[in-house]
Every structure is written in structure tokens, then in C-alpha cells.
Amino acid sequence: QVQLVESGGGLVQPGGSLRLSCVVSGSIFSSYVMAWYRQAPGKQRDWVASISGGHSTNYNTNYADSVKGRVTISRDNSKNTVYLQMNSLKPEDTAVYYCKAVGPAGTTSWGQGTQVTVSS
């Protein structure tokens, strides 16, 4: 059973930055496609960003239009960790942020989420 543990959320002022981390258990982390999602109160869970798997340093990354240019997803296979660097945060970025891992067979695992609140 793959386990994902997110961290790095918190309260930040508009315009500020946060870096979220997601540590994944298991020995085949490098093969996982990793993604971040977020869910604001009363809303559906939305995709934020994703990064391809493999051993290459040239990963494919994709971003939702709402965060493009402000957010960077990256991974460190030596640490079984995926990151989400968020800059120029806005109040509408307030949400619980979830990490998702998709294995080679298509199996999906989720973390428990970390709260991000953007407010003055």
C-alpha cells in the first residue's frame, strides 16, 4: 500500500509563497506520475499540476491555467518526494492541497491533504 504524506501548508499573506512537499512510501517512486490537486470549501477537487515519472531529469510538467506561471511542480526521486512551489499566492488559492500518485498499472493513491490559507 502506497502512502503519501503532504506537508508545508499554512497561512500566508496575498503575494506570498509556500512550498508543499509530498513524501511517498515505496521503492518505485520514480515510476509514478505525480500530481497535485486542491479542494476549496464547497467545491470539487481540481487538478493543479502534474509531473511525469522516470529517471530522466527532463520531466514533463503540466499546469492548470489558474496557476500557470505562479506554480512549479518538481520531484526528487532520491527522497521519494514531489514538491509544489507556489508564488504570488492569491486568496482564491485557499484550499486543501492533495498529492496523488499514479502507478504504472494505473493504481491511484492520495495523501491526506494539507491546508493552504491565503489571507491578510
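Reply: Start with Arg38. Arg38 forms a salt bridge with Asp93, and their closest N and O atoms are 2.9 Å apart. Arg38 sits in strand β4 (residues 33-39) and Asp93 in the loop between β8 (81-86) and β9 (95-102), so the pair ties together parts 55 residues apart in sequence. A salt bridge here is a side-chain nitrogen of Lys or Arg within 4 Å of a carboxyl oxygen of Asp or Glu. Strands (E, at least two residues) and helices (H or I, at least four) are DSSP runs, numbered from the N terminus. In general, side chains of opposite charge can pair when their charged atoms come close.

A word on the model. It is predicted, so local features need pLDDT of at least 70 and side-chain atom pairs count only at pLDDT 80 or more, while totals for chains, interfaces and linings use all residues. Residues are numbered from 1 along each chain as its sequence is written, and side-chain values use heavy atoms, with hydrogens and water left out.

Now for the surroundings of the pair. Arg38 counts as buried because its relative accessibility is 13%. Asp93 is buried too, with a relative accessible area of 2%. Buried means under 20% relative accessible area, exposed means over 50%, and partly exposed is in between (1.4 Å probe, protein chains only).

Asp93 has another partner. Arg70 forms a salt bridge with Asp93, with the closest N and O atoms 2.8 Å apart. This pair also links distant parts of the chain: Arg70 is in the loop between β6 (61-63) and β7 (71-76), Asp93 is in the loop between β8 and β9, and they are 23 residues apart. Both Arg70 and Asp93 are buried. Shared partners join Arg38, Arg70 and Asp93 into one salt-bridge network.

The structure holds three salt bridges.

Return to Arg38. Tyr97 touches it, along with Glu6, Leu20, Trp36, Thr114 and others, not counting residues up to four places away in sequence. Contact means heavy atoms within 4.5 Å. Tyr97 also belongs to the largest nonpolar core. Of its 29 residues, Met34, Trp36, Val82, Leu84, Met86 and Tyr97 touch the most other members. β3 (18-24), β4, β5 (45-51), β7, β8, β9 and β11 each supply at least two residues of this core. Such a core is a set of buried Ala, Val, Leu, Ile, Met, Phe, Trp, Tyr and Cys residues joined through side-chain atoms within 4.5 Å.
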